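Thanks, everyone. Let's get the model on the screen and go through a few places in turn.

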Amino acid sequence: MKANEFDCVVIGAGHAGIEAAHAAAKMGAKTALVTIAKDGIAAMSCNPAIGGLAKGQIAREVDALGGLMGLATDAAGLQFRMLNRSKGPAVQAPRAQADKYRYQRYMIEALERTENLTIIEALAGDIIVEAGKVRAVRCKNGRDYAAEAVVVATGTFLRGLMHIGAEQFEGGRRGEPAANELSASLERLGLVVKRLKTGTPPRLDASTIDYEKLEAQHGDAEPVPFSFMTERIETEQIPCWITYTNDKIHRLLRDNLDRAPLYTGQIQSTGPRYCPSIETKIVRFADRSRHQVFLEPEEEERKVIYCNGVSTSLPADVQDQMIRLLPGCERAKILHYGYAIEYDYCPPVQLKSNLETKKISGLFLAGQINGTSGYEEAAGQGIMAGMNAARKIQGAEPIVLGRDQAYIAVMIDDLLTRGLGVEPMGITDEPYRMFTSRAEYRLSLRADNADRRLTQIGRSVGVVDGARWAKYEKKLCDIEKLKNYLTGTRIAGRSLWEQLRRPKNTLAETMSDNADVKKMSFDKTVLEAVVIDAKYEGYLAKQQRLVAGLKALDRKGIPADLDYDKICHLRVEAKEKLSVFRLETLGQASRISGITPADITVIQIHLKKYYHHRTDKAQANG
């Protein structure tokens, strides 16, 4: 294979591109990671934090599959917190504030150590396709990089346009150029390209903040690692701080809405509903007297503070006034002003379940190009796109996870069925964000058991290495050993396992003091896993029965060329939606908004006749 010939080329080295390139290379594909600048790899252009509700579960899933995000977070973390500790394990989620420079260094070094992976500094401009198949990526440096599969993971760089007040300037993020030609290339290939918007808040000089006026937010006394490979977190926990907006700030913002790009018509696209700008908050929640603002360090030296909660595209002079009206920030100096950014994305209904485009064989999309927001959502798509790109090259069946297996699967299925960017379906164009409420099987999709759900899958395709596999097997063995002890040990006529299942028992808290358990020297994660399994046993059994019934629909495929207009008794709305979405299974079709159980029954009846007719025709011709 020549120097410019690869099995797989990944465009973009953000959180999606990193995981895609790493996964493909680990699976044996000769991979090129094309990025504008090497020092921009894994840049945390928004908040340098990983995890949170539902996002923490995705980060754990990426780690369980053999990805890098969890390891990088543990290496760079400044503060670790397990959210929702007072609630059940199903909604608990890890979150960590990270040193964004250490995070980048870890990722760059990990990629450099990865066999079969080459980092190329170049700006991708065109995707070369022949006979409906990917052939190469053409870069602005004049070189073509041949490949059988291409993963596009461009973040906010596609025709990126930043806004600070009336000022507009092209760029993928602050200080980096936009990728303008690649959007045109995707359009020439027949993909629909649309616009979305996101934003970022000001960054402050940490030395100009009065911390005595702020409420400190500390990390956990015993930090829980993100990666299943990390034994413990040894680094010092650094606090974050909390302050609040007030009436003076709200009045200032209302008085300057006529200078806000979001309200002057300068910005046409839609931003994330669940992470709105501060100017949107004071309009949408006009009755609120204050909004919480988290002041979070961007690096260990604590030189720069990220103002989480006041994302804005207002003019610089208004941002200056707003910050100085924040308690504790009266003397604060802004180092970098907040901005909004508009960028191109491809509505994800153009994808198959393996994240390959329906129009172009071997072309995969991952991350914000699919309309998502967040580092974790990007990483989850990236690792799946990289795995499936390698599987495509190998001629193997794609890896498609079920909604009962992973939050990653819930996200991808939502992207394919919810209609982001589809007209005239009446679906709002807004960046997708993962929440625990989106996962109907969240009792089993917990942060603590991501390895037990996914590590075997990662091992089967070659992403999970020997060290991770050995650690995983030992954990499984220990869990089984402890369960056997609990089920086989009876006190007062009941097994310890039965006692553990009962509500309001103290066994969960005292089990580690049991003499026999002490002798077996189980890791804390094993004890926690067994306690959760016992408490959730009945609920999970009920859920599994439900999953089994619903999986039947997901196993029933829909022919790609099915003409819905010819299906008798199918409602007009259903015909329109199904013709646009072109989904692969009846299960996916059933999850489209507005598609009824009656519609699915009509299609099932039609498919029986369809396959019967094809069988008769084949026999007649054979």
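In α2, the buried residues are Lys55, Gly56, Gln57, Ile58, Ala59, Arg60, Glu61, Val62, Asp63 and Ala64. Helices here are DSSP runs of H or I, at least four residues, and strands are runs of E, at least two, numbered from the N terminus. Gly66 follows α2, with a positive phi near 100°.

A word on the source. This is a predicted model: local features need pLDDT of at least 70, side-chain atom pairs count only at pLDDT 80 or more, and totals for chains, interfaces and linings use all residues. Residues are numbered from 1 along each chain as its sequence is written, and side-chain values use heavy atoms, with hydrogens and water left out.

Next, helix α9 (residues 316-324). Its buried residues are Val318, Gln319, Asp320, Met322 and Ile323. Their cover includes α6 (247-255), α8 (278-284), β11 (161-164), β14 (203-205), β18 (304-308) and β19 (334-336).

Asp414 sits in helix α11 (residues 407-417). Is Asp414 buried or exposed? Buried, because its relative accessible area is 11%. Setting aside neighbours within four places in sequence, Asp414 is in contact (heavy atoms within 4.5 Å) with Arg403, Tyr432 and Arg438.

Asp561 is in the loop between α17 (524-554) and α18 (572-581). Asp561 counts as exposed because its relative accessibility is 59%.

Key. Buried < 20%, exposed > 50% of the residue type's maximum accessible area, 1.4 Å probe, protein only.
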